[in-house]
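Dear colleague,

I am passing on the structure that we talked about, and below it you will find what came out of a first careful reading. Please keep the model open beside this message while you read.

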Amino acid sequence: MTNDLAHYDAASILAQRDAFGMLAEVEVLAETGSTNADLMARLGQLQRPVMLVAERQTAGRGRAGRSWHSVPGGVLTFSLAWHFPAAAHTLSGLPLAIGVAVAELLQALDLPVQLKWPNDILRDDKKLAGILVESAADKQGGSWVVAGIGLNLQIPAELETQIGREVADAPWLARMDKNLLLARLLNALARCLDQFGRDSFAAFAERWNAMHAYANQPVQIMEAEQILQQGIALGVDTQGCLLLQTQAGIRTIVAGDVSLRQAGSHV
C-alpha cells in the first residue's frame, strides 16, 4: 500500500467494524481545521457515535491548546464522538483509558509502546501519539465526549524541524492498509468506551500501570514551564490521578493542564 489519499475510504472502514465498532458511524474528510472542533460543533445534531477521519488537519490541537502538526499520509488524525448517560465530571480517567486502548492495539500490531501520564503514547521515549478529550453536557443530564487522536506514521525531517523536537513514528505501520488500521482503532476504542461506561477507569488502572513509561522514576510535574511538584512516579489510581512519592509523602496529582516531565529532561 502507498500513502495515496484515495486509500481513506469510509465504506471500507465501515465494512471492517466488529460488533463494538458497529456502534459508530464513520465519515472521512479530505481536509478540515480540526476533527475535534467539527464534532464538538455538531453534538446537538448527533444521534449516535461518529468517527470523523481527516486526511489533513490544518488546525489540529493537543492538550493546553498546543498545535498538533500533520502531513497527509504521515499522521493519522481522527476523532470519535461518544455519548455517556453520566455527566462529564464523573468520567475521571477517560483520556487514560483511551490511551490504554490505543496502546494495546499498537502492541498487538507488534509496535512496542508505553504510556506517559496523562495523554501521550511513547515509542523509544519519544511521542508517537497524543490524545485530546473534550466534552459537553446534553439536555438529559448525560454528556457527549469527543476523543481526538493523532498518531505519527511517517514523519519527514522537515516536519520534525517544524515541531521543534524529536518525535517517534512507525514507518512500517504507514504501509499498512489505512482503512484496516482505522477500523481496528475504532473497534478498540468503541470496546474501551463501552467498558468505561459500565466499569469506569477502575477497569483500566492496572493495564495503564503495566505500560507506564516512567514507573518508579524521578519526574517533575510542570505547569507553564514551572515545577509544581517533583518526586517518584508510582503509577495511577483508580481515578486516573498520578501517585507521586515526594519527601512529604505520597501526593495525588490531578491532570488538568499540568504535564509530566522526566527529571533532567527537556521534553
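D125 counts as partly exposed, because its relative accessibility is 49% and the class of exposed residues begins over 50%. This residue sits in the loop between β5 and β6 (126-137), and its phi is near 65 degrees, a positive value in a residue other than glycine. With a relative accessible area of 65%, however, D110 is exposed.

Before going further, please bear in mind that this is a predicted model, so that some words on confidence are in order. The average pLDDT of the protein is 88, and 87% of the residues score at least 70. Among the elements, the lowest mean pLDDT, 60, belongs to helix α4 (residues 157-163), while the highest, 98, belongs to helix α7 (residues 205-210). Over residues 1-6 the pLDDT stays under 50, and for this stretch the model has 13 contacts beyond four places in sequence.

As for the overall build, the protein has seven helices and twelve strands, and buried residues make up 48% of its 267 residues. Of the contacts with a separation of 6 or more, 65% are between residues 24 or more positions apart.

Which residues have the most contacts inside the largest nonpolar core? They are I98, L106, W117, L173 and F201, in a core that has 69 residues. Helix α6 (residues 178-199) gives the most to this core, namely eleven residues. In general, nonpolar side chains tend to be buried together in soluble globular proteins. If you select L106 and leave aside its neighbours within four places in sequence, you will find it in contact with L111, V113, I121, L128, L151 and L173. There is also a second, separate core of eight residues, which includes L43, L46, L52 and V146.

Next, please look at the pair formed by helix α3 (residues 94-108) and α6, whose axes come within 9 Å and cross at roughly 140 degrees. The two helices are therefore oblique to each other, because only angles over 145 degrees would count as roughly antiparallel. Their crossing is right-handed. On the α3 side the contact is made by L94, A97, I98, A101, V102 and L105, and on the α6 side by R184, L185, A188, L189, C192, L193 and F196.

G99 lies in helix α3 and is buried, with a relative accessible area of 4%. Residues up to four places away in sequence not being counted, G99 touches L115, I121 and I131. G99 and F204 are 105 residues apart in sequence, and their C-alpha atoms are 9.8 Å apart in space. N187, for its part, is found in helix α6; this residue is buried too, with a relative accessible area of 9%. Once its neighbours within four places in sequence are left aside, N187 is in contact with Q16, R17, D18, F20 and G21.

Where in the protein does I221 lie? It lies in strand β8 (residues 218-223), and it is buried, with a relative accessible area of 1%. I221 and L260 are 39 residues apart in sequence but 4.7 Å apart in space, C-alpha to C-alpha. Apart from neighbours within four places in sequence, the residues in contact with I221 include W117, L242, L244, I253, V258 and L260.

A cis peptide bond, with omega at about 0 degrees, joins W117 and P118. P118 itself is in the loop between β4 (114-116) and β5 (120-123). This bond is worth noting because most peptide bonds are trans.

Conventions: Residues numbered from 1 in each chain as written. Predicted model: local features only at pLDDT ≥ 70, side-chain atom pairs only at ≥ 80, totals over all residues. Heavy atoms only, no water. Core = buried A, V, L, I, M, F, W, Y, C linked by side-chain atoms within 4.5 Å. Buried < 20%, exposed > 50% of the residue type's maximum accessible area, 1.4 Å probe, protein only. Helix = DSSP H or I, 4+ residues; strand = E, 2+ residues; numbered from the N terminus. Contact = heavy atoms within 4.5 Å. pLDDT = per-residue confidence, 0-100. Axes fitted to C-alpha atoms, helices over the stretch in contact; angles between N-to-C directions. Parallel < 35°, antiparallel > 145°, perpendicular 65-115°, else oblique. Left-handed = near helix turned anticlockwise from the far one by under 90°.
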